[in-house]
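Visitor: I should like to learn how to read the features of a protein model. Could you guide me from the general idea to the particular case?

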Amino acid sequence: MGYMCMTLLHYFLITSCIVDAFEPVTTSAFFGVAGVGYLGNKLYKYLFETCDDQWIRFNSSNLELALNQKLFGQHVASRVVLKTLTGYMNNPNPKKPLVLSLHGWTGTGKNFVSQLITESIYHKGMQSGFVHLFTATAHFPHQKHLEIYKEQLQMWVKGNVTKCPRSMFIFDEMDKMQAGLIDSIKPYLDYYENLDGVSYRQAIFIFLSNAGGEKIAEVALDFWNKGRDREEIELKDLEMAVTLSVFNNKQSGFWHANLIDKNLVDVYVPFLPLELKHVVQCGLAEMASRGIDPDQDVVERMAKDMNYFPKEERLFATQGCKVISSRLDYYI
Ligand SMILES: *[C@@H]1O[C@H](CO)[C@@H](O)[C@H](O)[C@H]1NC(C)=O
Ligand SMILES: *[C@@H]1O[C@H](CO)[C@@H](O)[C@H](O)[C@H]1NC(C)=O
C-alpha cells in the first residue's frame, strides 16, 4: 500500500497515504500489546488462584454426586447439606453468611463432608487459598492466650473476607475451643449489611463438633430397637437431640447461648453413628481409591475386628470410618 501511495503521489493524497501506510502498523502494534496483556492475564488466572468464577464456582450436581457416591450411612446429613448449600449459593442476595454446624460421633464423616463442600465450590478444594481450617489444638492451644487468639481470629476473618468475599472458614474440634473464642467473630455471622465497610454475606462458616453424638446415637438405637429402618430417621428426630446437647454442654463453651439464641447458626447437621455395613463400604471405597481390586472378604474381616457400642448390641462403630485407611494395611 505504501508503494502504491508513492506511485500515485499527489499533493492532495499525501496526508492520507501517510496515514494509510502507518495505520496497519500502529493498529497491529496496539492490538499486540493488548493481546499480550490479555493473554498474560489469562495465563496468570490460569496459574494462580483468583477470587472469581474461574476458580470459585458452585456445582450442585458435583456435590450431589459426591455425597451419594462417597459418603456412607448419612442420608440425613447428605440431604440437609445439599439443600442448604444449594439454596444459599443460588441466592444472589443472602442476608447473612452461611453458618453450618456439623455434629456427630468420631469418624462419621464431618471432615469428609466439609471437604466435599469445598470441592464443589473451589477448584482447588481444601487446598484453596480461600479456605481456612482452624483446629483448636493446633491454632489456639494455650488457655492464657485467649485474648490474643480472639484478636487474631477477628483479624484473619476480616482480612480474608476483604480479600475475597467468598471465603470459607472451617472450625474443627469445636468441643475443644475455649469459651469466648468464637464469640469474638459473632458479629461476622450476623445479619449486618457490612461492618466497617466489609460485607460477610458471601462467606461460609462451618463448625465441626462431637457434641450431640451420644444423643444422636440414642435416637438411632431407639429406631433399631423398635425394628424401624435407619433410613426412616428424619432431621426432626435428631434436631432436638443436637440442639439440646449443644445448649447444655458447658464444656463446649463456645456454644454460648447467644450464638444459639440469636439463631446465627443456619442449620445443625446431624451425623448418624456408623454400622458395620457402612464401615465395609468405607473399606471397599478405600481399596478402590488405592487402585486395588475391592475385596469384600478382606474388608469384612477388618470391619468385624473393630470396636462397636453399646456393649450388648455392638451396633455402632466406635471410631466410625476414621481409622480405616491405616487398619486396612494389616488385612491386605
Ligand atoms: C458439575 O459437576 C458434574 C458432576 O461432577 C460435572 O459432570 C459437570 O461437568 C460440572 N459442571 C461444570 C459446569 O463444571
Ligand atoms: C487469612 O487467614 C490466614 C489463616 O488461615 C492468616 O494466616 C492470614 O494472615 C489471613 N489473611 C489476611 C489478609 O488477614
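Guide: Let us begin with burial: a residue is buried when its relative accessible area is under 20%, exposed when it is over 50%, and partly exposed in between, with a 1.4 Å probe and protein chains only. By that rule T135 is buried, at 15% relative accessibility. This is a predicted model, in which local features need pLDDT of at least 70 and side-chain atom pairs count only at pLDDT 80 or more, while totals for chains, interfaces and linings use all residues. Residues are numbered from 1 along each chain as its sequence is written, chains are lettered from A and ligands numbered from 1 in the order in which they are written, and side-chain values use heavy atoms, with hydrogens and water left out.

Visitor: Where is T135 placed, and which residues does T135 touch?

Guide: Helices (H or I, at least four residues) and strands (E, at least two) are DSSP runs, numbered from the N terminus. T135 belongs to strand 2, residues 131–135. A contact means heavy atoms within 4.5 Å. Residues up to four places away in sequence not being counted, T135 touches F140, D172, E173 and M177.

Visitor: How many helices and strands does the protein have, and what share of its residues is buried?

Guide: The protein has 14 helices and seven strands. Of its 332 residues, 45% are buried. Among contacts between residues at least 6 apart in sequence, 74% join residues at least 24 apart.

Visitor: How is the confidence of the model to be read?

Guide: The pLDDT is the predictor's confidence in each residue, from 0 to 100. Where pLDDT is low, the predicted coordinates should not be read in detail. Here the mean pLDDT is 87, and 85% of the residues reach 70 or more. Over residues 1–25, however, the pLDDT is below 50, and this stretch has five contacts in the model beyond near neighbours in sequence.

Visitor: Which residues of helix 3 are buried?

Guide: An α-helix has 3.6 residues a turn, so residues three or four places apart point the same way. In helix 3 (residues 60–70), the buried residues are L63, A66 and L67. They lie on the same side of helix 3, because they cover an arc of only 95 degrees around the axis; the arc is that of the directions from the helix axis to the C-beta atoms. Helix 4 (75–89) and helix 5 (110–121) are among the elements that cover these buried residues. On the face turned away from the buried side, helix 3 carries the exposed residues N68 and Q69.

Visitor: How many salt bridges does the structure hold?

Guide: Side chains of opposite charge can pair when their charged atoms come close. A salt bridge is a side-chain nitrogen of Lys or Arg within 4 Å of a carboxyl oxygen of Asp or Glu. The structure holds eleven salt bridges. One of them joins K158 and D196, at 3.8 Å from N to O. This pair links distant parts of the chain, 38 residues apart: K158 is in helix 7 (residues 146–163), and D196 is in the loop between helix 8 (186–189) and strand 4 (204–209). K158 is partly exposed, with a relative accessible area of 30%, whereas D196 is exposed at 70%.

Visitor: Where do the partners R290 and D329 lie?

Guide: R290 and D329 form a salt bridge whose closest N and O atoms are 2.8 Å apart. R290 lies in the loop between helix 12 (276–289) and helix 13 (296–304) and D329 in helix 14 (residues 324–331), so the pair ties together parts that are 39 residues apart in sequence. R290 is partly exposed, with a relative accessible area of 34%, and D329 is partly exposed at 46%. Through salt bridges that share partners, E286, R290 and D329 are joined into one network.

Visitor: Which residues does the UniProt annotation "binding site" cover?

Guide: UniProt positions are given in the numbering used here, feature names are shortened, and annotations may be inferred rather than shown by experiment. According to the unreviewed UniProt entry, "binding site" covers G104, W105, T106, G107, T108, G109, K110 and N111. From this set, W105, T106, G107, T108, G109, K110 and N111 belong to the lining of the largest pocket. On a 1 Å grid over the protein atoms alone, a pocket is an open set of points where a 1.4 Å probe fits, with protein on both sides within 12 Å along at least five of seven lines; lining residues have an atom within 4 Å of a point.

Visitor: Is T108 buried or exposed?

Guide: T108 is buried, at 3% relative accessibility, and lies in the loop between strand 1 and helix 5.
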